[in-house]
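Please look over the sequence and the structure shown here before reading on.

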Amino acid sequence: MSLLSRFTSLFTREDRASVDWQDLEATLIASDIGPTLAKKISDRLHDEKKLTLEVALGELLISADRSLVSAESPPTVILVVGVNGSGKTTSVGKLAARLHAQGASVVVVAADTFRAAAREQLQTWATRIGVTCVGGKDGADPAAVAFDGVSQAVDQGADYVIIDTAGRLQTKEGLMDQLGKIRRVVEKKAPVSEVLLVLDGSTGQNALSQGASFTSAVQVTGLVLTKLDGSSKGGAALAIEATLGIPIKLIGTGEGLSDIAPFEPDSYIAALVGR
Ligand SMILES: Nc1nc2c(ncn2[C@@H]2O[C@H](COP(=O)(O)OP(=O)(O)O)[C@@H](O)[C@H]2O)c(=O)[nH]1
Ligand SMILES: [Mg+2]
(Lines give C-alpha, C1' and ligand atoms only; values in the text may rest on other atoms or scores of the structure.)
(Ligands and ions follow the chains in the order given, each with its own letter.)
Protein backbone atom coordinates (compact mmCIF):
# COMPACT_ATOMS: atom_id res chain seq x y z
CA MET A 1 0.00 0.00 0.00
CA SER A 2 1.38 3.38 -0.96
CA LEU A 3 1.98 5.78 1.89
CA LEU A 4 0.83 8.59 -0.35
CA SER A 5 -2.49 7.12 -1.46
CA ARG A 6 -4.54 9.00 1.13
CA PHE A 7 -3.38 12.27 -0.44
CA THR A 8 -3.90 11.27 -4.06
CA SER A 9 -7.65 11.88 -4.33
CA LEU A 10 -7.41 15.04 -2.26
CA PHE A 11 -5.51 16.78 -5.02
CA THR A 12 -7.70 15.44 -7.82
CA ARG A 13 -10.60 17.28 -6.19
CA GLU A 14 -8.64 20.56 -6.23
CA ASP A 15 -9.50 20.69 -2.57
CA ARG A 16 -6.55 22.46 -0.98
CA ALA A 17 -8.37 23.57 2.18
CA SER A 18 -8.36 20.14 3.77
CA VAL A 19 -4.70 19.38 3.04
CA ASP A 20 -2.45 19.03 6.06
CA TRP A 21 0.73 20.32 4.44
CA GLN A 22 3.03 19.18 7.21
CA ASP A 23 1.55 15.71 7.03
CA LEU A 24 2.02 15.67 3.25
CA GLU A 25 5.66 16.71 3.54
CA ALA A 26 6.31 14.14 6.28
CA THR A 27 4.69 11.42 4.18
CA LEU A 28 6.77 12.36 1.13
CA ILE A 29 9.89 12.14 3.30
CA ALA A 30 8.73 8.79 4.71
CA SER A 31 8.41 7.60 1.09
CA ASP A 32 12.12 8.41 0.75
CA ILE A 33 11.72 11.34 -1.57
CA GLY A 34 14.05 13.39 0.64
CA PRO A 35 13.39 16.66 2.48
CA THR A 36 14.40 19.02 -0.33
CA LEU A 37 12.16 17.50 -2.98
CA ALA A 38 9.35 16.95 -0.46
CA LYS A 39 9.29 20.68 0.27
CA LYS A 40 9.45 21.54 -3.41
CA ILE A 41 6.52 19.26 -4.26
CA SER A 42 4.44 20.48 -1.35
CA ASP A 43 5.07 24.14 -2.26
CA ARG A 44 4.11 23.57 -5.88
CA LEU A 45 0.88 21.81 -4.94
CA HIS A 46 0.10 24.62 -2.56
CA ASP A 47 0.56 27.27 -5.27
CA GLU A 48 -0.85 25.52 -8.32
CA LYS A 49 -4.47 24.72 -7.65
CA LYS A 50 -4.98 22.50 -10.68
CA LEU A 51 -1.88 20.39 -10.15
CA THR A 52 -2.39 16.82 -8.99
CA LEU A 53 0.06 14.91 -6.81
CA GLU A 54 0.61 12.42 -9.60
CA VAL A 55 1.56 15.10 -12.13
CA ALA A 56 3.75 16.97 -9.64
CA LEU A 57 5.72 13.79 -8.97
CA GLY A 58 5.82 12.66 -12.58
CA GLU A 59 7.29 15.98 -13.71
CA LEU A 60 10.35 15.35 -11.56
CA LEU A 61 11.37 12.39 -13.68
CA ILE A 62 13.51 13.48 -16.59
CA SER A 63 12.32 13.01 -20.14
CA ALA A 64 15.08 10.95 -21.67
CA ASP A 65 15.46 7.88 -23.80
CA ARG A 66 15.47 4.93 -21.43
CA SER A 67 16.44 2.30 -23.94
CA LEU A 68 19.99 0.98 -23.99
CA VAL A 69 22.17 2.74 -26.54
CA SER A 70 23.63 0.34 -29.08
CA ALA A 71 26.86 0.78 -30.97
CA GLU A 72 26.83 1.59 -34.68
CA SER A 73 28.70 -1.62 -35.29
CA PRO A 74 28.70 -4.51 -32.82
CA PRO A 75 29.68 -5.25 -30.17
CA THR A 76 27.86 -2.77 -27.98
CA VAL A 77 30.07 -2.31 -24.91
CA ILE A 78 28.33 -1.83 -21.56
CA LEU A 79 30.38 -1.00 -18.46
CA VAL A 80 28.68 -1.71 -15.13
CA VAL A 81 29.82 0.24 -12.04
CA GLY A 82 28.69 0.76 -8.45
CA VAL A 83 29.65 0.04 -4.84
CA ASN A 84 30.01 -3.47 -3.38
CA GLY A 85 26.73 -5.19 -2.70
CA SER A 86 24.64 -2.87 -4.87
CA GLY A 87 23.85 -5.74 -7.24
CA LYS A 88 26.31 -5.22 -10.10
CA THR A 89 27.20 -8.85 -10.79
CA THR A 90 23.60 -9.96 -10.46
CA SER A 91 22.51 -7.17 -12.82
CA VAL A 92 25.17 -8.13 -15.38
CA GLY A 93 23.80 -11.69 -15.30
CA LYS A 94 20.19 -10.57 -15.57
CA LEU A 95 20.93 -8.16 -18.41
CA ALA A 96 22.89 -10.83 -20.27
CA ALA A 97 19.97 -13.24 -19.83
CA ARG A 98 17.52 -10.64 -21.09
CA LEU A 99 19.55 -9.77 -24.19
CA HIS A 100 20.27 -13.44 -24.86
CA ALA A 101 16.54 -14.22 -24.65
CA GLN A 102 15.96 -11.48 -27.24
CA GLY A 103 18.25 -13.35 -29.61
CA ALA A 104 21.46 -11.36 -29.11
CA SER A 105 24.85 -12.96 -28.60
CA VAL A 106 26.45 -11.76 -25.39
CA VAL A 107 29.88 -11.91 -23.74
CA VAL A 108 30.19 -11.07 -20.03
CA VAL A 109 33.50 -10.00 -18.51
CA ALA A 110 34.50 -10.47 -14.87
CA ALA A 111 36.75 -7.44 -14.39
CA ASP A 112 36.26 -7.52 -10.62
CA THR A 113 39.54 -9.36 -10.08
CA PHE A 114 39.82 -8.48 -6.40
CA ARG A 115 37.51 -11.20 -5.23
CA ALA A 116 37.71 -14.71 -6.68
CA ALA A 117 34.08 -15.15 -5.69
CA ALA A 118 33.06 -12.35 -8.05
CA ARG A 119 34.39 -14.22 -11.09
CA GLU A 120 32.86 -17.52 -9.99
CA GLN A 121 29.51 -15.83 -9.40
CA LEU A 122 29.49 -14.38 -12.91
CA GLN A 123 30.77 -17.62 -14.45
CA THR A 124 27.89 -19.49 -12.81
CA TRP A 125 25.33 -17.09 -14.24
CA ALA A 126 26.97 -17.24 -17.68
CA THR A 127 26.92 -21.03 -17.74
CA ARG A 128 23.28 -21.08 -16.74
CA ILE A 129 22.34 -18.57 -19.44
CA GLY A 130 24.60 -20.06 -22.09
CA VAL A 131 26.80 -17.03 -22.79
CA THR A 132 30.60 -16.65 -22.85
CA CYS A 133 32.31 -15.42 -19.69
CA VAL A 134 35.81 -13.93 -19.86
CA GLY A 135 37.75 -13.59 -16.62
CA GLY A 136 41.34 -13.14 -15.47
CA LYS A 137 43.42 -14.58 -12.69
CA ASP A 138 42.90 -13.22 -9.18
CA GLY A 139 44.58 -9.87 -8.88
CA ALA A 140 44.98 -9.50 -12.65
CA ASP A 141 44.79 -5.98 -14.06
CA PRO A 142 41.05 -5.34 -14.48
CA ALA A 143 41.64 -3.14 -17.52
CA ALA A 144 43.59 -5.94 -19.22
CA VAL A 145 40.81 -8.42 -18.46
CA ALA A 146 38.23 -5.99 -19.82
CA PHE A 147 40.33 -5.53 -22.96
CA ASP A 148 40.57 -9.32 -23.43
CA GLY A 149 36.80 -9.61 -23.00
CA VAL A 150 36.05 -6.96 -25.58
CA SER A 151 38.62 -8.46 -27.97
CA GLN A 152 36.96 -11.84 -27.65
CA ALA A 153 33.54 -10.28 -28.26
CA VAL A 154 34.90 -8.64 -31.42
CA ASP A 155 36.44 -11.93 -32.60
CA GLN A 156 33.22 -13.84 -31.91
CA GLY A 157 31.13 -11.18 -33.64
CA ALA A 158 29.08 -10.80 -30.45
CA ASP A 159 26.30 -8.21 -30.25
CA TYR A 160 26.97 -7.17 -26.65
CA VAL A 161 29.80 -7.25 -24.16
CA ILE A 162 28.93 -6.45 -20.56
CA ILE A 163 31.79 -5.68 -18.17
CA ASP A 164 31.40 -6.25 -14.42
CA THR A 165 33.74 -4.15 -12.25
CA ALA A 166 34.91 -4.00 -8.65
CA GLY A 167 32.94 -1.94 -6.16
CA ARG A 168 35.62 -1.16 -3.65
CA LEU A 169 39.34 -0.50 -3.62
CA GLN A 170 41.63 0.87 -0.93
CA THR A 171 40.49 4.38 -1.73
CA LYS A 172 37.66 5.96 -3.63
CA GLU A 173 40.20 7.73 -5.87
CA GLY A 174 41.79 4.34 -6.59
CA LEU A 175 38.44 2.94 -7.64
CA MET A 176 37.56 5.89 -9.84
CA ASP A 177 41.02 5.84 -11.47
CA GLN A 178 40.59 2.17 -12.19
CA LEU A 179 37.19 2.68 -13.81
CA GLY A 180 38.67 5.46 -15.94
CA LYS A 181 41.53 3.20 -16.97
CA ILE A 182 39.20 0.31 -17.86
CA ARG A 183 37.28 2.63 -20.10
CA ARG A 184 40.36 4.06 -21.81
CA VAL A 185 41.89 0.65 -22.43
CA VAL A 186 38.65 -0.90 -23.69
CA GLU A 187 38.14 2.01 -26.08
CA LYS A 188 41.34 1.07 -27.89
CA LYS A 189 39.24 -1.83 -29.15
CA ALA A 190 35.64 -0.54 -29.24
CA PRO A 191 33.73 2.48 -27.91
CA VAL A 192 31.80 2.16 -24.64
CA SER A 193 28.12 2.79 -25.41
CA GLU A 194 26.73 2.70 -21.89
CA VAL A 195 28.13 3.17 -18.40
CA LEU A 196 25.43 1.81 -16.10
CA LEU A 197 25.60 2.78 -12.43
CA VAL A 198 23.96 0.18 -10.19
CA LEU A 199 22.34 1.57 -7.04
CA ASP A 200 20.62 -0.35 -4.25
CA GLY A 201 17.16 1.18 -4.30
CA SER A 202 16.33 -0.12 -0.84
CA THR A 203 18.94 2.15 0.74
CA GLY A 204 17.08 5.30 -0.26
CA GLN A 205 18.96 8.51 0.37
CA ASN A 206 22.18 6.57 0.89
CA ALA A 207 22.00 5.36 -2.71
CA LEU A 208 21.62 8.97 -3.71
CA SER A 209 24.89 10.03 -2.11
CA GLN A 210 26.70 7.02 -3.62
CA GLY A 211 25.31 7.98 -6.97
CA ALA A 212 26.55 11.52 -6.65
CA SER A 213 30.06 10.34 -5.84
CA PHE A 214 30.21 8.10 -8.93
CA THR A 215 28.69 10.55 -11.37
CA SER A 216 31.23 13.18 -10.40
CA ALA A 217 34.04 10.80 -11.35
CA VAL A 218 32.79 8.73 -14.30
CA GLN A 219 30.43 9.65 -17.09
CA VAL A 220 27.36 7.59 -16.24
CA THR A 221 24.78 7.16 -19.01
CA GLY A 222 22.08 5.28 -17.15
CA LEU A 223 21.05 3.94 -13.76
CA VAL A 224 20.06 0.46 -12.70
CA LEU A 225 18.03 0.53 -9.50
CA THR A 226 18.08 -2.82 -7.72
CA LYS A 227 16.21 -4.44 -4.84
CA LEU A 228 12.96 -2.65 -5.51
CA ASP A 229 11.19 -5.85 -4.48
CA GLY A 230 10.16 -5.72 -0.87
CA SER A 231 11.14 -2.08 -0.51
CA SER A 232 8.63 0.40 0.80
CA LYS A 233 10.98 3.24 -0.02
CA GLY A 234 9.47 3.74 -3.44
CA GLY A 235 10.25 7.44 -3.58
CA ALA A 236 14.00 6.88 -3.71
CA ALA A 237 13.93 6.28 -7.47
CA LEU A 238 12.31 9.65 -8.05
CA ALA A 239 14.77 11.45 -5.80
CA ILE A 240 17.76 9.73 -7.39
CA GLU A 241 16.77 10.47 -10.96
CA ALA A 242 15.64 14.04 -10.26
CA THR A 243 18.81 14.85 -8.34
CA LEU A 244 21.38 13.12 -10.54
CA GLY A 245 19.65 14.03 -13.80
CA ILE A 246 20.46 10.60 -15.25
CA PRO A 247 17.70 8.28 -16.51
CA ILE A 248 16.88 5.07 -14.68
CA LYS A 249 17.02 2.52 -17.47
CA LEU A 250 16.49 -0.76 -15.67
CA ILE A 251 15.14 -1.97 -12.35
CA GLY A 252 15.97 -5.10 -10.38
CA THR A 253 13.05 -6.75 -8.65
CA GLY A 254 14.54 -9.92 -7.17
CA GLU A 255 17.48 -12.29 -7.09
CA GLY A 256 16.45 -14.44 -10.06
CA LEU A 257 17.69 -14.18 -13.64
CA SER A 258 14.43 -12.80 -14.97
CA ASP A 259 14.00 -10.21 -12.20
CA ILE A 260 14.95 -7.22 -14.33
CA ALA A 261 12.73 -4.86 -16.28
CA PRO A 262 12.89 -1.57 -18.14
CA PHE A 263 11.92 1.37 -15.92
CA GLU A 264 8.45 2.59 -16.82
CA PRO A 265 7.77 6.10 -15.48
CA ASP A 266 3.98 5.98 -15.74
CA SER A 267 3.50 2.74 -13.84
CA TYR A 268 6.14 3.78 -11.33
CA ILE A 269 4.32 7.03 -10.50
CA ALA A 270 0.97 5.26 -10.41
CA ALA A 271 2.36 2.78 -7.87
CA LEU A 272 3.97 5.56 -5.84
CA VAL A 273 0.67 7.38 -5.40
CA GLY A 274 -1.28 4.14 -4.94
CA ARG A 275 -3.41 4.28 -8.03
N1 LIG B 1 16.05 -8.82 -3.52
C2 LIG B 1 16.97 -8.48 -4.42
N3 LIG B 1 18.26 -8.80 -4.23
C4 LIG B 1 19.17 -8.46 -5.16
C5 LIG B 1 18.80 -7.74 -6.33
N6 LIG B 1 19.93 -7.53 -7.04
C7 LIG B 1 20.94 -8.11 -6.35
N8 LIG B 1 20.49 -8.66 -5.21
C9 LIG B 1 21.27 -9.36 -4.15
O10 LIG B 1 22.21 -8.46 -3.59
C11 LIG B 1 23.39 -9.14 -3.19
C12 LIG B 1 24.62 -8.47 -3.83
O13 LIG B 1 24.54 -8.62 -5.22
P14 LIG B 1 25.83 -8.63 -6.15
O15 LIG B 1 25.35 -8.70 -7.55
O16 LIG B 1 26.80 -9.67 -5.72
O17 LIG B 1 26.44 -7.18 -5.84
P18 LIG B 1 27.81 -6.52 -6.32
O19 LIG B 1 28.75 -6.60 -5.16
O20 LIG B 1 27.48 -5.11 -6.66
O21 LIG B 1 28.29 -7.28 -7.52
C22 LIG B 1 23.20 -10.58 -3.65
O23 LIG B 1 22.79 -11.33 -2.53
C24 LIG B 1 22.09 -10.50 -4.69
O25 LIG B 1 21.35 -11.68 -4.79
C26 LIG B 1 17.41 -7.38 -6.51
O27 LIG B 1 16.99 -6.73 -7.48
N28 LIG B 1 16.55 -7.76 -5.53
MG1 LIG C 1 30.09 -8.20 -7.88
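Two residues are in contact if their C-beta atoms, placed from the backbone, lie within 7 Å. In the protein chain, residues 24 or more positions apart account for 75% of the contacts with a separation of 6 or more. This is a predicted model, in which local features need pLDDT of at least 70 and side-chain atom pairs count only at pLDDT 80 or more, while totals for chains, interfaces and linings use all residues. Residues are numbered from 1 along each chain as its sequence is written, and chains are lettered from A and ligands numbered from 1 in the order in which they are written.

**Overall fold**
- The protein chain has 11 helices and eight strands, these being DSSP runs (H or I of at least four residues for helices, E of at least two for strands) numbered from the N terminus.
- Along the principal axes, the C-alpha atoms of the protein chain fill a box of roughly 65 × 40 × 30 Å.

**Domains**
- The protein chain is divided into domain 1 (5-58) and domain 2 (76-264), with bounds that come from an automatic or database domain assignment.
- The C-alpha centres of domain 1 and domain 2 lie 35 Å apart.
- Seven residues of domain 1 are in contact with nine residues of domain 2.

**Helices H2 and H3**
- Helix H2 (residues 21-30) packs with helix H3 (residues 35-47) at an angle of about 140 degrees, and their axes are 9 Å apart; axes are lines fitted to C-alpha atoms over the stretch in contact, and angles run from 0 to 180 degrees between N-to-C directions.
- Among the residues that make the contact are Trp21 and Leu24 of H2 and Pro35 and Ala38 of H3.
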